[in-house]
Amino acid sequence: MASPRAAMVLAAGLGKRMAPITNTIPKPLVKVAGKPLIDWGLDALEKAGVERAIVNTHYLADQMDVHLAERKAPAILVSDERDELLDSAGGIVKALAQIGTEPFYVVNADTFWIDGARPNLVLLAEGWDDARMDMLLMIATKDQSTGYDGRGDFHMSTEGRLSRLGPGETSPYIYAGAAILHPRIFAGAPAGKASLNRYFDEAIAADRLYGLSMDGLWLTVGTPAAIGDAEAAIALQEKNG
C-alpha cells in the first residue's frame, strides 16, 4: 500500500522514570543528541510522507503546545487530554475523527530509531497486508537496541505472526514503538481510558497481529542514565556512516 498519510503520536505520558528532568519539562521534549525526543519521531514521519500527525498531550501540555506550534511538517493536530490521561488506546479512540478511515502510523514519543538502508516506516508500509493484518508492529531485537533490559515482548514466527510470551519465557523480539494500525479495530470502542495491549490480544486471537523486523538501531530512553547510552550509540552510528 501507499504509506499512511496520518499518524498518531502518543505523547501524553507522565514520564515519571525520567525524573528529575521531567519535574519541569514533559518527557517528549527531553533532548537526545540535541533534538527533543518527539522530533525524532516527527522527523521520521515527515520523511515517510505523512501529511498530518495527531499528538495527544496531558502533562505540562502548555509546553507541548508551544513546541508543536513551531512544526511545519507534518501538519500537527493536538488532541488535548489535560482533563484525563486516556492511555494508549484511549488516546487513539479520542482522536479517531482526526485520524480518518485508512491505516495509520502510531509512534511512541519516547522511543526512536536510526534507520538502516531504507526508512523503517516505509518498510512497514510495504509490509502491510490488509487482507491478513489489523496491526503491524515494528520489531527490534535486543542486539540492535540500547536502553532495554526486559524479557522481550512477543514471539515472532518466520511469517511475522506475533504471540504473547508465556510465564517465565523470554524472547529477543521487542515492540519498537512504531506500528501501522487499521482504525476498524476501534469500531464501537467506548470513550475513556484503555490500553493498546487489549487490542494486541484481540488481534492475536484473530490471527491478525504481525511484526516486521526493523533495519537499523532502536533506542529507548526511559531514564536519565539512558540518555548518554543513546547519544553514544548515535555518535558511533554517525562515525561509521
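**Figure 1. Packing of helix H7 in the predicted model.** The buried residues of H7 pack against strand E2 (31–32), H1, E7, E9 and E14. Helices (H or I, at least four residues) and strands (E, at least two) are DSSP runs, numbered from the N terminus. Buried denotes under 20% relative accessible area, exposed over 50%, and partly exposed in between, for a 1.4 Å probe and protein chains only. Packing is judged by contact, meaning heavy atoms within 4.5 Å. This is a predicted model, in which local features need pLDDT of at least 70 and side-chain atom pairs count only at pLDDT 80 or more, while totals for chains, interfaces and linings use all residues. Residues are numbered from 1 along each chain as its sequence is written, and side-chain values use heavy atoms, with hydrogens and water left out.

Figure 2. In H7, the buried residues include Ala226, Ile227, Ala230, Ala233 and Ile234. Seen down the helix axis, the buried residues of H7 fall within an arc of 135°, so they line one face of the helix; the arc is that of the directions from the helix axis to the C-beta atoms. Ala225, Leu236, Lys239 and Asn240 are exposed on the other side of H7. The 17 residues of H7 (residues 224–240) should span 24 Å at 1.5 Å a residue, and the end C-alpha atoms are 26 Å apart, which agrees. The expected span is 1.5 Å times one less than the number of residues in the helix.

**Figure 3. The open sheet E7-E14-E9.** Three strands form an open sheet in the order E7-E14-E9, with mixed pairing. Two strands pair if DSSP finds at least two bridges between them. E7 and E9 are the edge strands, each pairing on one side only. E9 and E14 run parallel and are joined by two bridges. Thr146 stands opposite Leu219 in E14.

Figure 4. Seven of the seven residues of E8 are buried. Met135, Leu137, Ile139 and Thr141 are buried on one side of E8, and Leu136, Met138 and Ala140 are buried on the other. E8 pairs with E12 in the antiparallel sense over six bridges, and Ile139 stands opposite Tyr175 in E12. With E13, E8 pairs in the parallel sense over five bridges; Gly211 in E13 is the bridge partner of Leu137.

**Figure 5. Helix H5 and residue Asn120.** Helix H5 (residues 120–127) is mostly covered, with six of its eight residues buried. These are Asn120, Leu121, Val122, Leu123, Leu124 and Ala125. They pack against helix H1 (37–47), strand E6 (104–108), strand E7 (111–115), strand E8 (135–141), E12 and strand E13 (209–213). Asn120 has a relative accessible area of 2%. Leaving aside neighbours within four places in sequence, Asn120 is in contact with Trp113, Asp115, Met138, Met214 and Asp215.

**Figure 6. Aromatic ring pairs.** A pair of aromatic rings is described by the distance of the centres and the angle of the planes. Rings of Phe, Tyr and Trp (its six-membered ring) pair if their centres lie within 6.5 Å; planes under 30 degrees apart count as stacked, over 60 as edge-to-face and the rest as tilted. By this rule the count comes to five aromatic pairs. The ring centres of Tyr148 and Trp218 are 6.2 Å apart and the planes stand at 55°, so this pair is tilted. Tyr148, in the loop between strand E9 (145–146) and strand E10 (154–156), and Trp218, in strand E14 (residues 216–220), are 70 residues apart, and the pair thus links distant parts of the chain. Tyr148 is partly exposed, with a relative accessible area of 25%, whereas Trp218 is buried, at 3%. The ring centres of Tyr175 and Phe200 are 5.7 Å apart with planes at 80°, so this pair is edge-to-face. Tyr175 lies in strand E12 (residues 173–181) and Phe200 in helix H6 (residues 196–205). Both Tyr175 and Phe200 are buried. Ring pairs link Phe154, Tyr175 and Phe200 into a cluster.

**Figure 7. Charged side chains over aromatic rings.** A charge sits over a ring if NZ of Lys or CZ of Arg is within 6 Å of the ring centre and within 35 degrees of the ring normal. Lys35 lies over the face of Trp40, at 4.2 Å from the ring centre. Arg132 lies over the face of Tyr210, at 4.8 Å from the ring centre.
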